[in-house]
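Notebook open, structure up on the screen. I jotted things down in the order I looked them up.

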Amino acid sequence: MTTILVFIHVAAAILLLGPVMVATSMFPAQAVSAHDGSEEATGRASILHKITTRYGTLSLLVPLLGVVVLTSNWVHFKTNYWLHTAVILSVIAWAVLFAMVVPQQRKIMGSLGALSPADADPSDRTSNFEGAKAKAAAGAGVFNLLWFIVLILMFLPDPTM
């Protein structure tokens, strides 16, 4: 049973986290092109922002499945502190995504006039486009780095064995 749960957990990570990692990395460059007047880049930035927010939210299933795997074989996993560290880093990664990357992307999209009028809010604009772009890019880098570290931690052998 654990093998099936691990498979589902890994598949969810690939299918849900992969697009978020790519979208957050590609967004700043498309935002700059859109800021320079490219309508195609505005469309691409809009799609990348939607992928970041929607898949980012759906990717919360990954740690939930990880906890299911952890509890399904607690006797085996309870001493593997690498896995426990990976869970903590994944929580930090989502905090970076939802507290830094998504809000900065939203401000950039608002500044480009690319948010739908029903969703737009006056606070969804930024007077410092370069600063918002830098924060979105830095947050994306931290988010992606944390997930790379989580990947490594998941495959390290149990330190107590």
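This is a predicted model: local features need pLDDT of at least 70, side-chain atom pairs count only at pLDDT 80 or more; totals for chains, interfaces and linings use all residues.

I started with L89: buried or exposed? L89 counts as buried because its relative accessibility is 17%, and buried here means under 20% relative accessible area with a 1.4 Å probe on protein chains only (exposed is over 50%, partly exposed in between). L89 sits in helix α5. I also checked L89 against F143: 54 residues separate them in sequence, and their C-alpha atoms are 9.7 Å apart in space.

Residues are numbered from 1 along each chain as its sequence is written, and side-chain values use heavy atoms, with hydrogens and water left out.

Next, the overall picture. I find six helices and zero strands; these are DSSP runs numbered from the N terminus (helices H or I, at least four residues; strands E, at least two). The C-alpha trace spans about 55 × 25 × 25 Å along its principal axes. Of the 161 residues, 35% count as buried.

Then I looked at the core. The largest nonpolar core has 18 residues, and L17, V62, W94, L97, F143 and W147 have the most contacts inside it. Its largest share, eight residues, comes from α5. Such a core is a set of buried Ala, Val, Leu, Ile, Met, Phe, Trp, Tyr and Cys residues joined through side-chain atoms within 4.5 Å.

α1 bends by about 35° at F27, with a proline, P28, following within four residues. The bend is the angle between axes fitted to the seven residues ending there and the seven starting there. After α1 comes G37, with a positive phi near 110°.

Last, the largest pocket: which residues lie nearest its centre? They are H9, V10, V150, M154 and F155, out of 29 lining residues. A pocket is an open set of points on a 1 Å grid over the protein atoms alone, where a 1.4 Å probe fits, with protein on both sides within 12 Å along at least five of seven lines; lining residues have an atom within 4 Å of a point. α1 gives the largest share of the lining, eight residues.
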